[in-house]
Amino acid sequence: MNDIQKSRFDIVISGGSFVGLALARALETSAPGAFAIAVIEQRTLAAATADPRTVALTATARAMLQAIGIWERIADRAEPVRRIVLTDSPLESPVRPGLIGLDAADTPTGEPTAYVIENAALLPALLASLDGLPNVSLFAPDAIDRFETRDEDVSIALRSGAVLSAKLLVAADGRNSALREMIGIRTQSWPSDKVGIVATVGIERPHNGTAWQHFLPAGPFAILPMTPGPDGGNRASVVWTEYAAVARRILAQDRETVLAELSQRFGPELGALTLLSIPQAFPLSMVLARDFVRPRFALVGDAAHGLNWIAGQGLNHGLKDVAALAETLVDAARLGLDVGDIAILRRYERWRRFDVVTSAFSGAALNAFFSNDWTGLRMLRNAALRTVDGIGRLKTLFMNEAAGRTGDVPKLLRGEAL
């Protein structure tokens, strides 16, 4: 990665987190030397890579990371998900019987549907992958103060005083994107009275690569298998959807009370629990940009679709954006076309917008369907899940969706070079 303060670039990426770094790596790996790229991150690198959460990367996201040379850096830190169990039971239920079991071995490829990895392992690997690349420059800590799109380029003024120009500016600066607001792209928002609580727990029994998704009245409670801890002990990541007021009350209690609340929702499958991290709550909401592109400007990741995903799929959809945009830009550059031309960028927008919208609203509908605690509806849900569990083709469809293999999948997500 080149730290020389260049002023002219082909592509400037605002946001040095997962999506922004993955886009820079994908572009440079797919077309070495074709683009001069700048990445601007407002945090220090130490702050940017400190994140207590985990992510379940789909099989297609893993294929992409392998194609761009990231996977070998993190493979030993990623736990494969070989089985998914869905349950639907009241909060007070002493057991949570599985209504449907989805096994990777039953799919045509037999590949795990997902891989659980800590953010604190993935983000540094992405950052390190850019080190030494002569065509990638990093500006951190820094931020865009203002920018102006023109016929031939976009002029970008940084808070540090530097002024850059580029053919294309990409906003990967999160769901509260400052650049999205600067350019005047409107959003549709759906506020939520719920939060997502995340924690790492020690478990008494091996998880055997199984992920559980308990549908509880407040929302989904996911248990994701993790690699062994530093002491070799069994670990799991919890992603717990809860009403904000209830979450505040629970998290304000002592450690034993928090653990008791966690254990009640967890179920008995994995034995006694221990808290290995301090549970943290993150707000949940849905924000969808009305447009993903403007002339010489594109939104990716949460800046385009900051959504309350039912199973924590936000990053996977961000990586889909990366794959689609990288393929669009590389194809255009090889034809000698202007990568900032709105006609080029519309291809990316069409590619991603339908998938994002349908996934968001189907996920929201499914969440609402399973969060209703009415007994009659619960009986209907249970019957539906048991029906799916008995039909192999439906289970395969569910597994392909979980692995990210449905829809118009970009080449990188298929593990193919551009």
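This is a predicted model: local features need pLDDT of at least 70, side-chain atom pairs count only at pLDDT 80 or more; totals for chains, interfaces and linings use all residues.
Setting aside neighbours within four places in sequence, Leu-57 is in contact with Leu-65, Trp-71, Thr-113, Ala-114, Tyr-115, Ile-117, Leu-122, Leu-315, Asn-316 and Leu-319. Leu-57 is also named, with Leu-122 and Ile-156, among the residues with the most contacts inside the largest nonpolar core, a set of 89 residues. From there, helix α9 leads on to several other parts of the chain.

**Nonpolar cores**

- As general background, nonpolar side chains tend to be buried together in soluble globular proteins.

**How α1 packs on α9**

- Two packed helices are described by the angle between their axes and the distance between the axes.
- For helix α1 (residues 18-30) and α9, the axes come within 9 Å and cross at roughly 30 degrees.
- The crossing of α1 past α9 is right-handed.
- On the α1 side, the residues that meet α9 are Phe-18, Val-19, Ala-22, Leu-23, Ala-26, Leu-27 and Ser-30.
- On the α9 side, their counterparts are Leu-315, Gly-318, Leu-319, Val-322, Leu-325, Ala-326, Leu-329, Val-330 and Arg-334. Of these, Leu-315 and Leu-319 are also in contact with Leu-57.
- Ala-31 sits in the loop between α1 and β2 (37-40). Ala-31 counts as buried because its relative accessible area is 10%, and the cut-off for buried is under 20%.
- Ala-31 and Leu-329 are 298 residues apart along the chain, yet their C-alpha atoms are separated by 9.8 Å.

**Asp-321 and its surroundings**

- Asp-321 is another residue of helix α9. With a relative accessible area of 0%, Asp-321 is buried.
- What lies 2.8 Å from a polar atom of the Asp-321 side chain? The backbone nitrogen of Gly-301 does.
- Beyond residues up to four places away in sequence, Asp-321 touches Val-300, Gly-301, His-305, Tyr-348 and Arg-352.
- Val-409 lies in the segment after α12 (392-403), and its relative accessibility of 11% makes it buried.

**Helix α3**

- Helix α3 (residues 59-67) is largely enclosed by the rest of the structure, because 7 of its 9 residues are buried.
- The buried residues in α3 are Ala-59, Thr-60, Ala-61, Arg-62, Ala-63, Met-64 and Leu-65. Leu-65 is also one of the contacts of Leu-57.
- Just after α3, Gly-69 takes a positive phi of about 80 degrees.

**A three-stranded open sheet**

- Which order do the strands take in the open sheet of 3 strands? The order is β13-β20-β23, and the pairing is antiparallel.
- β13 (187-190) and β23 (305-306) stand at the edges. Each has a single partner strand, so one side of each is left without a neighbour in the sheet.
- β13 pairs with strand β20 (residues 286-289) in the antiparallel sense over 4 bridges.
- Within this sheet, Gln-188 has Leu-288 in β20 as its bridge partner.

Methods. Residues are numbered from 1 along each chain as its sequence is written. Side-chain values use heavy atoms; hydrogens and water are left out. Helices (H or I, at least four residues) and strands (E, at least two) are DSSP runs, numbered from the N terminus. Buried means under 20% relative accessible area, exposed over 50%, partly exposed in between (1.4 Å probe, protein chains only). A nonpolar core is a set of buried Ala, Val, Leu, Ile, Met, Phe, Trp, Tyr and Cys residues joined through side-chain atoms within 4.5 Å. Contact means heavy atoms within 4.5 Å. A polar contact is a pair of N or O atoms within 3.5 Å; within protein, one must be able to donate a hydrogen and the other to accept it, and residues adjacent in sequence count only if both atoms are side-chain atoms. Two strands pair if DSSP finds at least two bridges between them. Axes are lines fitted to C-alpha atoms, for helices over the stretch in contact, and angles run from 0 to 180 degrees between N-to-C directions. A crossing is left-handed if the near helix is turned anticlockwise from the far one by less than a right angle, and right-handed if clockwise.
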